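Biologist: I'd like a close look at one part of this model, the charged pairs and what surrounds them. Could you take me through it?

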Amino acid sequence: DSYTWPANGTTYTASGNYTYSLGCDTKTLALTITNSTGSTQTETACDSYTWPVNGTTYTASGNYTYSSGCDTKTLALTITNSTGSTQTETACDRYTWPVNGTTYTASGNYTYSSGCDTKTLALTITNSTSSTQTETA
């Protein structure tokens, strides 16, 4: 956007050729001014975020900047810490998990994630049995 020439202390904001003479000494400045650019990227992540612009991994919310030449990029980052919980259930034949409304018919560990929160269902299904007893007396 601008350049201050140490030879004469003048600040220039436009490209061009400038000269400065002091006695018999003449100096020439061939100046190219590049206008700066900037952009802001807003991101939300769980636990950490690696910014592709500079390859840095951030673990805290904040505003981060990266400059290359006359281009400045800003990252407005919100980090949310992950949470998790495990629910243990035992049921006959089937179990409908209220967290996601899914009905399970087999034992196992099931997970459901929403944003940065992960819930785990440790489920034991016992199949019902029926029997008929006939007695004769």
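Biologist: Let's start with Lys73: is it buried, exposed or partly exposed, and what is its relative accessible area?

Modeller: Keep in mind that this is a predicted model. Lys73 comes out as partly exposed, because its relative accessible area is 27%. Its side chain meets that of Asp71 in a salt bridge, at 2.9 Å from N to O. Asp71 is partly exposed too, with a relative accessible area of 22%.

Searching the whole structure turns up three salt bridges. One of them joins Asp25 and Lys27, at 3.2 Å from N to O. Asp25 has 38% relative accessibility, so it counts as partly exposed, and Lys27 is partly exposed with a relative accessible area of 38%.

Then there's Asp117, which forms a salt bridge with Lys119; the closest N and O atoms are 3.0 Å apart. Asp117 is partly exposed at 22% relative accessibility, and Lys119 is partly exposed at 27%.

Now for the strands. Strand S14 covers residues 117–126 and pairs with S13 in the antiparallel sense, over seven bridges. Asn109 stands opposite Ala122 in S14. Three strands make up an open sheet here, in the order S10-S14-S13, with mixed pairing. Its edge strands, S10 (83–92) and S13 (108–114), each pair on one side only. Neighbouring strands of this sheet are turned by 20 degrees against each other on average, ignoring direction.

Key. Residues numbered from 1 in each chain as written. Predicted model: local features only at pLDDT ≥ 70, side-chain atom pairs only at ≥ 80, totals over all residues. Heavy atoms only, no water. Pairing = 2+ DSSP bridges. Helix = DSSP H or I, 4+ residues; strand = E, 2+ residues; numbered from the N terminus. Axes fitted to C-alpha atoms, helices over the stretch in contact; angles between N-to-C directions. Salt bridge = Lys/Arg side-chain N within 4 Å of Asp/Glu carboxyl O. Buried < 20%, exposed > 50% of the residue type's maximum accessible area, 1.4 Å probe, protein only.
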